[in-house]
Amino acid sequence: MPKFPTTRLRRLRQHPRVRDLVRETRLSPHDFVLPLFIRHGQNERIPIGSMPGNFQLTVDHLAAEAREIAGLGIPAVILFGIPEHKDAVGSDAYSEQGIVQQGVDAIKQAAPDLLVMTDVCFCEFTDHGHCGIVNDRHGSPDVDNDATLEILVKEAVSHARAGADLIAPSGMMDGMIQALRTGLDGEGFEHIPIMSYAAKYSSAFYGPFRDAAESAPQFGDRRTYQMDPANGAEALREVALDLEEGADILMVKPALSYLDVIYRVKQAHPEVPLAAYNVSGEFAMVKAAAANGWIDEQRVALELLLSIRRAGADMILTYHAKDACRWLAGD
Ligand code: PBG
């Protein structure tokens, strides 16, 4: 037995410069995508109670908002819409004058370099709050997969026409990526990437978002299309199919209770860009604990974001994006 430890891992922890040199994972503003909620109406900026610092914004507020976001160094936003009228098929979602289409246009005009992604789904646009066309062909009300694919294509094409740079389908329909890729290519949008919410779980962590987007299902839940939180291997099947169908970027959602899934997806497909969605409930928990003085918000939020990157995500959709950029800049 040597008298002293031969290897002392503490040596590399002594000097802050050495710690910097050996750091394996870093956070930077380039990692972040900020979700934005765009609502109908005029001159309104309505705070979202369960998501402090986030607002439902009317289109006239978007130019200033987009310039602020770009100024912070955040490269991209993802848009969600709250339309004036909801109906059974969510027709605002694919209307030329739809709320998201107007939002895309306003942001691209104000901040052309800010990447605009759009969430492609129906739950915010249907009066029943489900992610597609509901019928009871199989005996009880459920989302009709193949009928929904047709309107998803209309929605994605109309987003691309409005100027969206990338589309992000979140509806968890089978065959969705194939249908969207074919539909976009057929309209001349073969250059628009698809970021697939490939492994999206049926999660209670979406609660605050559903208030923010006014999109809670009016009956039932989303378990016939979103994944069972108990399943990890199934995520690899979802991901493999989406890649075959032409997805350019994969996503795991939520992030924090699914770090193992992020890790497995990255290990299985190290060559494919991977996003993770740090969802509303994850954000709200940090905010609530910080407001009570129970945790240090800055340190906890940065540690959580780092953990998502360390697990294997290349980019993070997060409501912490603005604060994180300020913290990383040392303000
Ligand atoms: C569906 C969608 C949802 C979220 C993003 N896209 C909600 C859902 O499936 O009910 C949730 C995001 C979050 O909780 O932050 N369009």
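This is a predicted model: local features need pLDDT of at least 70, side-chain atom pairs count only at pLDDT 80 or more; totals for chains, interfaces and linings use all residues.

Let me begin with a crossing: α7 passes α8 in a right-handed sense. On the α7 side the contact is made by A235, L236 and V239, and on the α8 side by V261, R264, V265 and A268. Sorted by class, that contact has six nonpolar residues, one charged residue and no polar ones.

Helix α7 covers residues 233-245 and helix α8 covers residues 259-268; they pack at an angle of about 45 degrees, with axes 10 Å apart. That angle makes α7 oblique to α8.

Helix α8 also packs against α10, which is residues 297-311. Here the angle is about 30 degrees and the axes are 8 Å apart. Angles under 35 degrees count as roughly parallel, and therefore α8 and α10 are roughly parallel to each other. Which residues meet there? From α8 they are L259, I262 and Y263, and from α10 they are S307, I308 and A311. The contact of α8 with α10 divides into five nonpolar residues, one polar and no charged.

Next, two backbone details. Most peptide bonds are trans, and most residues other than glycine have a negative phi. The bond from K253 to P254 is cis, with omega near -10 degrees. M172 is in the loop that runs between β8 (166-169) and α5 (176-186).

Last, the chain as a whole. How many helices and strands does it have? There are eleven helices and twelve strands. The radius of gyration is 21 Å, close to the 20 Å that the globule rule gives for 331 residues, so the chain is as compact as a globular protein of that length. Taken along the principal axes, the C-alpha atoms fill a box of roughly 75 × 45 × 40 Å.

That is what I have; I will take questions now.

Note on methods: Residues are numbered from 1 along each chain as its sequence is written. Axes are lines fitted to C-alpha atoms, for helices over the stretch in contact, and angles run from 0 to 180 degrees between N-to-C directions. Helices (H or I, at least four residues) and strands (E, at least two) are DSSP runs, numbered from the N terminus. Angles under 35 degrees count as roughly parallel, over 145 as roughly antiparallel, 65 to 115 as roughly perpendicular and the rest as oblique. A crossing is left-handed if the near helix is turned anticlockwise from the far one by less than a right angle, and right-handed if clockwise. Two residues are in contact if their C-beta atoms, placed from the backbone, lie within 7 Å. Ala, Val, Leu, Ile, Met, Phe, Trp, Tyr, Cys and Pro count as nonpolar, Asp, Glu, Lys and Arg as charged, and the others, Gly among them, as polar. The radius of gyration is taken over C-alpha atoms; the globule rule is 2.2 Å times the number of residues to the power 0.38.
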